[in-house]
Each structure stands twice: as structure tokens, then as C-alpha cells.
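Subject: Structure handover

Hello,

Here is the structure we talked about. Please look it over, then read the notes below.

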Amino acid sequence: MIPPIIEAREAGFAYRRSAPVLADVSVEVTRGRGVALVGESGAGKTTLLRLLLGLAAPTSGSVLFDGAPLALGDKRLMRGFRSSVQTVFQDPYSSLDPRQSVGRIVSEPLRSLGLTAGGPRATRRAEAAERVAAALRAVGLPEDAAARYPHEFSGGQRQRVAIARAIVCEPRVLLADEPVSALDVSTRVRIVDLLAELRETRGLTVVMVSHDLAVVAALCPQVAVLERGRVVEQGDTADVLGSPRHPYTRRLVQSVPRLPARPA
Amino acid sequence: MSAQARTARRRSLPLTAGCVLVGLVVAVAVVSLFWVPFTPDDTSGDRLMPPGLPHLLGTDKLGRDLLTQLMIGARIALAAGAGSVVLGGVIGLAAGLAAGFATRWLDDVVSALLDILIAFPTLLLAMLVAATQTASLTSAIVAIGLAMSAIVARLTRVLVKRVLAQDYITASRTSGTSWPRVIAEHVLPNIWPTLTVNLALQFGLAVLAEASLSYLGLGAPPPNASWGRMLAEAQASVFIAPVGVIAPGVLIVLLVVGVNLVADGLRDVADPTRRRRRR
Amino acid sequence: MSLLEVAGLHVRAAGGRDLVSDLSFTVEAGERFGLIGESGSGKSLTALAIMGLLPPGMTASGSVVFDAPGTDRTEVVGAPERRLTRLRGQVTSVVFQEPLTALDPLMRIGRQVAEPLRRRQGLRGRALDKAVLAALEEVRLAEPRRIARAYPHEISGGQRQRVAIAMALACRPALLIADEPTTALDVTVQAEVLALLDGLVAERSMALLFISHDLAVVAGLTDHVLILKDGAAVESGSALDVVNDPRHPYARELVDSARVLDAALDRLKGGGTP
């Protein structure tokens with residue numbers, strides 16, 4: 001049995017004096033077994049993602065990284081965690097600082113985590129530039145994109161920039177919050193393809209919050225269905241979405257709008 | 001490329017114009033430190049003389065040289081504007097950042113304090129400050145700066161909250177960036193444009209506020225003429241000696257417009273979305 | 001005569017750029033018509049132009065004619081505001097994407113729903129209260145009394161969209177325009193709202209102009225569709241034909257994209273337990 005990279009163990013989260021947003025959630029992310037967190041708005045998906053990202057600490061239970069509890073105050077541990085776990089957001093218009101060039105945006109993890117090898121400043125700069133260029137190439141953007149600003153790009157291209165930032169430090173896990181739901185249909189397919197390709201070529205494990213079951217089916221081998229802060233069903237995507245047991249999952253699957261069948 | 005160069009030039013036009021206007025006032029203020037046509041308390045001239053020689057712009061109702069007064073006034077206007085903007089800006093920015101980042105109840109406390117400070121009339125504040133020392137340009141600047149800091153703080157707080165809600169802040173944190181660097185790299189650059197424009201506006205208001213404070217004897221004491229007090233004192237004789245009203249009035253307008261143009265220009269130059277169009 | 005006849009419609013931006021160009025289509029009484037396009041395709045502007053609600057600076061040219069039974073034939077393009085006000089609500093009304101911004105946050109739901117009923121049908125007092133509850137019941141809102149007393153932020157997104165639909169239907173329009181009405185909603189809520197719209201349109205033999213980027217949603221609800229790209233129509237026809245046999249390359253790309261994602265779901269069904 002491979003040990004999980006990230007694990008939520010009976011994790012719960014509650015704001016002071018209010019009902020818990022999340023209760024008793026246990027989810028494991030093992031290498032190559034990306035999990036999709038599925039559910040409606042208010043189900044606690046985004047809160048769970050924040051816990052897994054180390055942006056908030058659970059109010060009960062724990063979040064483990066490589067088997068050790070995630071201590072948000074421990075700088076060294078968090079640096080290792082941050083360079084292993086990166087994220088992509090839903091809205092590519094809000095996730096890129098409009099006042100920074102793409103090169104600066106993509107290189108931020110390298111700078112903040114001190115991931116370039118030591119040596120004089122110029123060498124480090126050159127190495128960072130090289131890695132940024134490689135990341136941009138990997139997401140299918142031209143290299144000269146680094147000198148440009150976010151507003152010069154379309155929504156789909158911006159999402160590619162965000163993905164480039166997430167992969168520049170070669171993380172093991174990519175946590176994505178509705179990475180394609182703000183995009184047009186044709187762009188959506190291309191970004192899903194890109195994520196699938198990165199998963200194959202870089203051994204990236206994709207964890208995703210999504211309400212789009214088709215995208216989930218395409219990208220994540222495992223799924224956890226959340227309803228009102230609890231996991232109601234969890235397992236292989238094919239099992240859970242293919243033959244749902246819980247009534248809520250069933251309703252979710254049935255609600256997906258489908259194209260009329262092609263006549264034979 | 002020439003089209004782009006032309007756009008760039010057109011964009012920097014307000015900046016250039018603003019720099020010329022502000023530069024003019026600054027030049028006059030600097031010259032006044034070394035040379036003025038008459039001493040400011042020289043009342044030897046006839047009263048309310050029209051422009052001519054030796055009083056190029058005429059005299060006021062006490063027979064003092066108007067040009068001399070205006071030149072010294074430039075110094076005071078700049079000091080009042082710049083002094084209170086720096087004071088109000090620094091205190092306001094710090095308080096606003098603190099409130100923007102604060103937890104719920106601390107934010108509530110700070111916001112309540114700011115509301116009280118804003119509701120407090122600048123005049124009363126000026127009297128309080130003047131009571132602790134003597135009324136002077138400095139006490140006026142402190143009073144105006146304090147009043148301004150509340151307004152700047154409230155604006156900063158809202159701007160900071162808006163920026164903090166953006167995903168690029170979270171992205172920055174998950175990239176391992178520390179809070180101080182997040183502030184320096186993302187928060188400040190993104191609130192700066194709106195803040196500069198507001199500070200330029202505050203600069204103009206400060207010049208006017210100093211004018212009314214010195215009119216009430218709460219600002220720079222005579223014979224240090226401030227433009228606002230000249231304006232107020234010349235009111236009564238506007239039909240006999242219009243230059244006494246027009247000259248300081250025009251200078252106030254030019255300075256305020258100049259500062260606003262500079263602020264707009266700086267904002268445009270710093271904004272990548274205005275610098276280059278989508279290809 | 002068609003209920004709505006759009007002929008050679010152009011929408012021009014302040015700078016003179018065409019945002020919608022030479023668009024023509026008709027919607028018959030009781031017909032369900034779908035307008036499909038991605039962001040920036042001009043689909044929402046088309047809806048606004050039809051209502052005579054274009055934002056300032058934009059101008060429409062061409063012709064948009066309403067011919068509903070019981071009212072005069074109306075040309076929307078160039079019509080005075082007074083004439084358009086009468087048209088809106090009585091002949092046609094809109095449901096927008098974001099139900100939270102479509103409702104006044106400071107007004108109780110009941111009063112907001114009452115507003116069109118009072119203005120158009122002249123109802124007052126008791127009769128008005130009853131009509132409000134009836135309108136809320138009609139959009140299958142459980143507990144209409146509680147909803148009527150609530151403020152918009154106190155109810156869910158799906159409930160808000162139902163309220164918006166109730167308001168749009170209050171004056172019995174001959175044509176309902178729905179602009180991405182379910183895009184902001186969760187999938188299960190979307191399914192419910194779509195079913196509701198489907199039922200209401202059928203009950204009242206009302207015409208529907210449904211605008212969306214989602215091919216599957218539009219194809220499931222409408223008979224006839226038109227695909228817009230960069231402000232121009234690239235393909236139109238019966239919904240089934242367009243989805244099954246798209247001609248234009250862009251239409252094909254759209255359908256293929258939708259099929260790719262659809263296929264991922266189909267594979268699950270086939271897979272089952274390993």
C-alpha cells in the first residue's frame with residue numbers, strides 16, 4: 001500500500017459559534033490517484049480544498065502531509081509542502097495579478113520558495129527564466145508570453161498561465177478549484193486535455209473541486225461526493241458516478257444535461 | 001511602432017502638463033527663499049494699488065506688495081499640501097492596512113474610530129492641536145494631516161479588502177510568499193493607483209483647508225501670507241482691486257490642477273493595462 | 001405573422017465596431033428558439049437589442065418587429081421609450097443569469113413580485129396579495145408565504161431564480177427571453193429550473209428565446225437553434241439536426257467539444273464495477 005501524499009483524517013471545520021461547514025471528512029490523495037471533490041455550492045468543497053492547501057487548519061481532526069501532521073506555523077515543513085502542492089483557481093481573471101508580467105507571475109513560487117540553486121544573482125535569474133520558459137512551453141504558450149501582461153491574453157490562455165505558475169516548481173500534487181468552469185466549452189476541452197497531458201508526462205496527481213461531472217470523469221480516477229459538509233459516497237470514479245448508490249449522487253448524475261443521442 | 005510611440009506621448013501629456021504647473025509653483029517657492037521684491041511686512045506702499053511699478057501686481061489693503069505675498073504663499077501652499085499629504089498618507093496607509101488585514105472585531109473597532117475621526121471637524125481638531133502648541137503652519141499641517149489620515153485609512157481599508165479577496169493573493173500564499181512580501185508585491189501596487197489619485201485630491205483640499213485655517217488665525221501667522229488668507233482678506237475690495245482676489249485664486253487652481261494631472265499621469269504610466277493594448 | 005421577426009440586426013459599439021452583424025431570425029408564437037454562443041459572441045447583446053435595452057453608446061440598426069395577438073405591431077429599433085415600456089412585460093420579458101443582481105436586495109420578495117402585477121393588471125390590496133402567492137406557487141416554490149416575506153439574500157440561488165421567473169411571467173408575456181438563466185446554479189438546481197421552464201412554457205403555449213453557451217441545455221429545451229460567433233450567425237436549424245450534423249466548422253467544433261466531455265461520462269456507464 002502506497003502511503004498517501006496528502007490525507008484529511010476525520011477533518012472538520014467550523015466558524016466560531018456556527019454549525020460546522022465540514023464534518024468528519026476523510027480523504028486520501030495517493031500518487032497518481034487524483035481525487036475529485038464533487039458537490040453543490042455550500043457542500044464544503046472549497047473549505048476542504050483550503051484545508052488540503054494548508055490555508056486554514058481544521059478545527060477537528062487533522063490534515064497529514066507525507067504522513068506527518070501539517071503544521072501551518074512550521075516554516076521548513078510548509079516550504080516542502082508548498083513546493084509539492086500547488087493550485088489553480090476557477091477565475092483566471094482574478095488569479096493573476098494584473099500589475100505583474102507573466103514572467104514574474106510564473107516565477108513567483110521559485111522566488112518565494114527559494115527553489116533556484118544557489119550562486120550569484122545573475123545565475124539564479126537565468127535559471128529562473130529558463131524554468132519559466134519551460135513551464136510556459138509545457139502549457140502551450142509562446143516563450144515571449146513572459147514579457148506580456150495578463151490583460152493581453154484570453155481567458156483560456158490566462159488559465160494556461162495559472163497552470164504554468166502551478167507547475168513551475170515541479171509539484172507532486174495539483175489542487176484545482178473548478179479549473180475549467182469559467183471557460184467556454186471549446187477552451188474547456190483544451191484545458192482538460194492539457195491537465196490530462198501534464199498528469200501523464202509529469203506524474204502530476206490532480207485533485208479537483210468541480211461540479212462538472214464530465215470533467216471529473218475525464219481527469220480524476222477517484223471521487224468523493226460531498227453533501228452539507230459530509231462525504232456521502234467515495235471511491236473509484238467509474239463506480240461512484242457509473243452506478244451511484246447514495247440518492248444524492250444519483251440525483252447529481254441524473255441532473256447533468258446531455259446531448260441528444262446521435263442516431264445510429 | 002510610431003503609432004505606439006505617439007500613444008505613449010499622448011498618455012504622458014497630462015503628466016508633462018502637471019509637472020510644468022507644479023514645477024512653476026515650486027520654482028517660485030524656491031526663488032522666494034532667496035529673493036522677493038519687498039519684505040513681506042513692508043507696508044510702505046500705497047493701499048490697493050493697481051499693477052504697475054514698483055509693485056508689479058499692486059498692493060493689498062495694508063499697502064504690502066502682492067507679488068511678494070504670492071511668492072511666499074507658494075511656499076506655504078506647497079508645505080501645507082505636501083506636509084499634510086505625507087503625514088495623512090503615512091498614518092492613513094498604516095491604519096488602513098492594519099484594518100484591512102485585521103480580524104473581524106479589531107476591524108470593527110478601527111472602523112468606528114475612523115468614523116469618529118472623520119465626523120470630527122478639521123477646524124475643531126486644528127484648535128485642539130493649536131492649543132497644545134501655538135498656532136503655526138506646523139499645527140495646521142498636523143491638524144489637516146490627522147483629519148486626512150482618517151479618510152485615507154478608510155479608503156485604504158476598502159481597497160486592501162478588495163485586493164485580499166482576489167485569487168492572486170491566495171495563489172501567492174500557496175506559492176509560499178510571506179505576508180510582508182505579499183503586501184509589497186501585490187497589495188500595495190494594486191491599491192496604489194486609486195490611492196495616488198485620492199492623495200492628489202487631498203493635496204488640493206489641504207491647500208484650501210490651510211487657507212481657511214489661517215484665515216481664522218489657526219495657520220501660518222502673518223506676515224507669512226498664505227494664498228487662502230490673501231483671498232479672504234481681498235474679498236472686501238474685489239471691485240476696487242480685483243488682482244488681489246484673482247491672483248491667489250488662479251494660483252490655487254493651477255497648483256491643484258497640476259497635482260491632479262501628475263497623479264493621473266503617474267497612475268497611467270504605472271498601469272500595464274493602459275500601457276499596452278491587447279494584440 | 002411571426003411573433004418576433006429580427007431582420008438584418010446590427011449592434012454597433014460606440015467606436016463603430018459591429019458587435020452583432022446582419023442577424024436575422026424569427027420566433028413563432030409558442031416556438032422555443034435557442035441562441036447559442038460563447039462569451040463575446042453577441043448573444044446577450046442580441047437579447048438586449050430585442051428588448052430595446054442596449055447600454056448607452058451602443059446603437060442598433062435593422063429591424064426587430066413584435067407582432068403579438070392583442071397588441072399593435074411594434075418595431076423596436078428606433079421606437080420611443082414609452083412604446084417600449086408597454087412592450088416589455090406585456091409582450092416579452094427577460095430572466096437574467098444572476099438572480100441576485102436582478103432582484104432589489106432591500107425589498108421583500110413579495111413586494112417585488114407585486115410590482116408588475118399592480119402596474120399591469122391594476123390589482124390592489126387583498127387581490128394583489130393573492131396574486132403574488134399564486135405567482136410564487138406557479139413557479140413551484142414551497143412555502144410561498146415565507147418566501148414573500150423574505151429578502152433576496154435570505155433565500156437560495158435556485159429560489160431566487162424561480163422568483164425572477166415568477167416576476168417575468170406575471171404579465172403573461174407572449175415571449176419569454178431567458179439569458180443564461182441556469183449558468184450560475186448548481187447542476188441539480190439547474191435541472192429543476194429547466195424542468196420548470198419547460199413545463200411553464202408548455203402550459204401557457206408561450207414562446208421562449210433561450211440564450212446559453214451550453215449546447216446540451218439548449219438542445220434539450222428548444223426546437224430550433226442558431227449558433228452565433230463573433231456577432232454573426234454561423235449555423236441555424238432544428239436543434240437535433242444541428243447537434244447531430246453540424247455543417248459550419250465552428251458549429252462542428254462546438255458540438256465536438258461537448259461530445260468529448262459527454263463521452264467521458266458515457267465511458268463510466270459502460271465501466272461500472274471493475
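Axes here are lines fitted to C-alpha atoms, for helices over the stretch in contact, and angles run from 0 to 180 degrees between N-to-C directions. Helices are DSSP runs (H or I, at least four residues), numbered from the N terminus.

This is a predicted model: local features need pLDDT of at least 70, side-chain atom pairs count only at pLDDT 80 or more, and totals for chains, interfaces and linings use all residues. Residues are numbered from 1 along each chain as its sequence is written, chains are lettered from A and ligands numbered from 1 in the order written, and side-chain values use heavy atoms, without hydrogens and water.

**Helix pair, chain C**

Helix 7 (residues 157-169) of chain C packs on helix 8 (residues 187-204) of chain C at about 15°, with the axes 10 Å apart. That makes the two helices of chain C roughly parallel (angles under 35 degrees). From helix 7 of chain C, C:Gly158, C:Arg162, C:Ile165 and C:Leu169 make contact (heavy atoms within 4.5 Å) with residues of helix 8 of chain C, including C:Val189, C:Glu192 and C:Leu196.

**Cavities**

The whole structure holds 4 cavities of 30 Å³ or more. A cavity is a set of points on a 1 Å grid over the protein atoms alone where a 1.4 Å probe fits but cannot get out; lining residues have an atom within 4 Å of a point.

Best regards

Key
Angles under 35 degrees count as roughly parallel, over 145 as roughly antiparallel, 65 to 115 as roughly perpendicular and the rest as oblique. On a 1 Å grid over the protein atoms alone, a cavity is a set of points where a 1.4 Å probe fits but cannot get out, and a pocket is an open set with protein on both sides within 12 Å along at least five of seven lines; lining residues have an atom within 4 Å of a point. Grid points are joined across faces, edges and corners, and a volume is the space filled by probe spheres set on the points.
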